[in-house]
Amino acid sequence: MTEKSKEIFGNRVSDRDYKSAVKSKKSYIRKFGDDSAKDYKVRISENKVIGPILGVKNIEISSKAENPGEEMDCKKGIIVGNIRMGFGHYRISMAMASYARHLGLTPYWMDLNSYPETTCTKVIGHQNDLYSLGSRLSKNPIFNKLIWEPTNYEGFRALSYNAKDQKNAELMAPVYKNVPKDIPVIATHVWPAQAAIHAGMKYVVNAIPDNWPMALHLSEGSVHTIQCRNAYMGYRILNGMNKKKVCSPMPQKDLVYTGHYIDYELVSQIEADCKARLDRKANNKPMRFLLTIGGAGAQKEIFAEIIKYLIPYIKKGKALLYINVGDYKNVWDQLVEEIPEMKALKTEHMDDWEDTLAFSMKALDPKEEISGIHGFFHKDIFEAVYTTNLLMRSADVLVTKPSELAFYPVPKLFIRRVGKHEMWGAIHSAEIGDGTLECRDIPHTIQMLDQFLTTDLLNEMCESIVLNKQMGIYDGAKKVVEIAMGLKEGRA
């Protein structure tokens with residue numbers, strides 16, 4: 001078999017790029033060591049936050065001889081391989097786990113960025129820190145134009161980048177050493193997929209999150225799933241991944257269009273939730289805006305302007321706000337300090353999971369009157385991410401950058417992207433009618449807020465969301481789980 005850093009789907013990597021990939025791996029070994037000879041033990045533990053909701057169990061990895069706990073279910077078990085890099089990959093993983101549970105399977109959560117003694121986690125953590133730094137620096141227009149957007153758009157697109165990633169992923173394979181090889185793996189980031197293939201896992205699905213085709217997301221040996229038709233065509237021919245050269249295409253068996261990766265709990269309630277939105281609007285109830293701060297915390301300044309603009313509407317009972325700052329308590333504190341009028345309007349839901357669960361249920365009850373500004377913060381990453389999922393059902397408009405949330409079945413107002421590859425999320429959403437165009441500055445963001453508040457835009461998006469469900473557009477997570485189990489059962 002040809003080494004994966006030398007040839008990618010029949011496309012030969014230049015000697016120069018291969019040597020660069022080898023050099024990258026050696027650099028990480030010098031920095032973080034090589035633990036390929038270590039015999040990491042596998043232990044199954046309960047996930048106390050999303051375990052009760054999604055049936056998730058954690059896979060723990062350690063070199064210490066510990067009580068392994070329960071055995072993995074090799075018949076109905078399925079691994080959701082992910083990393084914490086921002087919130088997006090966790091959120092997609094939750095959608096996969098949700099449908100796995102709904103289909104009678106046991107989802108095992110395997111976060112390759114949560115094993116601190118391993119080289120795998122040290123490498124991922126280092127790259128995560130670099131990405132977070134870049135996201136924050138992207139607020140500088142010069143850095144964004146000259147470095148950040150070209151890197152995210154064209155740099156990650158190149159086959160040479162995939163060659164380097166494949167070589168680095170060899171350092172991540174040891175965490176799979178004692179994981180049963182015949183349990184299917186769904187990876188919601190390419191590194192868990194690449195590492196699984198290097199480790200000899202037999203059935204791997206690589207659930208690609210973005211719809212701008214990039215070689216970054218390739219993991220040869222796995223089945224690649226795509227959320228959008230446009231991206232499917234780009235991946236099919238590896239469009240633009242070797243500059244102007246025509247690439248050898250991906251084999252058809254390695255690429256599947258599935259639709260959006262959405263939780264069963266959200267998809268199954270689309271009609272009811274959209275009807276509730278239309279009823280609130282018809283009865284002149286406050287329009288509910290859900291603002292989400294992503295894992296990089298890069299949109300605080302934009303959200304501050306949105307809050308300032310909406311405060312007069314909130315005081316008049318024409319709008320209300322949910323603000324989820326994730327695990328960034330400092331962002332909430334800064335907003336309250338910067339906008340003094342928030343203090344009289346705010347209700348804080350700070351690091352109290354039971355309170356957040358109770359409020360999310362209360363907000364779904366049409367008899368309950370909710371007003372003001374509700375702020376949510378949770379130290380725990382699972383709580384921080386899933387709070388948005390809980391609030392989404394009772395929200396009228398989700399205000400977010402066009403990242404993984406661009407695919408969710410709720411009316412969306414898109415603020416400025418963080419990385420040029422994200423712009424395609426807004427384009428796709430606008431095309432299928434469940435979101436706006438990307439608003440790249442404050443005046444256009446305010447204009448779009450007015451469209452929601454004063455026109456029938458919300459009604460139009462709700463109609464599109466219901467139609468999209470009927471067409472199966474939001475069935476991606478279900479199909480990915482079925483593909484993963486089908487590989488094992490010989491059906492795919």
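Visitor: Before we start, what should I keep in mind about the numbers?
Guide: This is a predicted model, in which local features need pLDDT of at least 70 and side-chain atom pairs count only at pLDDT 80 or more, while totals for chains, interfaces and linings use all residues. Residues are numbered from 1 along each chain as its sequence is written, and side-chain values use heavy atoms, with hydrogens and water left out.

Visitor: OK, which residues have the most contacts inside the largest nonpolar core?
Guide: They are Phe289, Ile307, Tyr322, Met342 and Phe452, in a core of 83 residues. A nonpolar core here is a set of buried Ala, Val, Leu, Ile, Met, Phe, Trp, Tyr and Cys residues joined through side-chain atoms within 4.5 Å, and buried means under 20% relative accessible area, with exposed over 50% and partly exposed in between (1.4 Å probe, protein chains only).

Visitor: And which helix gives the largest share of this core?
Guide: Helix α11, residues 300-315, gives the largest share, eight residues; helices (H or I, at least four residues) and strands (E, at least two) are DSSP runs numbered from the N terminus.

Visitor: What is phenylalanine 289 in contact with?
Guide: Leaving aside neighbours within four places in sequence, phenylalanine 289 is in contact (heavy atoms within 4.5 Å) with Leu310, Ala319, Leu320, Leu321, Tyr322, Val397, Val399, Leu449, Phe452 and Leu453. A second, separate core has 35 residues, including Ile61, Cys120, Ala169 and Trp191.

Visitor: Switching to spaces, how many cavities of 30 Å³ or more are there?
Guide: There are two. On a 1 Å grid over the protein atoms alone, a cavity is a set of points where a 1.4 Å probe fits but cannot get out, a pocket is an open set with protein on both sides within 12 Å along at least five of seven lines, and lining residues have an atom within 4 Å of a point. Grid points are joined across faces, edges and corners, and a volume is the space filled by probe spheres set on the points.

Visitor: What lines the largest cavity?
Guide: The largest cavity, with about 70 Å³ of space, is lined by Leu266, Gln269, Ile270, Asp273, Arg277, Met392, Arg393, Pro409 and Val410, and helix α10 (residues 270-282) gives the largest share of that lining, three residues.

Visitor: Which residues lie nearest the centre of the second largest pocket?
Guide: Of its 16 lining residues, Asp17, Ser160, Met241, Asn242 and Lys243 lie nearest the centre, and the space in this pocket is about 380 Å³. Strand β10 gives the most to the lining, with four residues.

Visitor: How many disulfides are there?
Guide: The count is zero disulfides, taking a disulfide as a pair of cysteine sulfur atoms within 2.5 Å.

Visitor: Last one: is lysine 57 buried or exposed?
Guide: Lysine 57 is buried, with a relative accessible area of 17%, and it lies in strand β4, residues 57-62. Not counting residues up to four places away in sequence, lysine 57 touches Ile44, Ser45, Glu46, Glu70, Thr106, Pro107, Tyr108 and Trp109.
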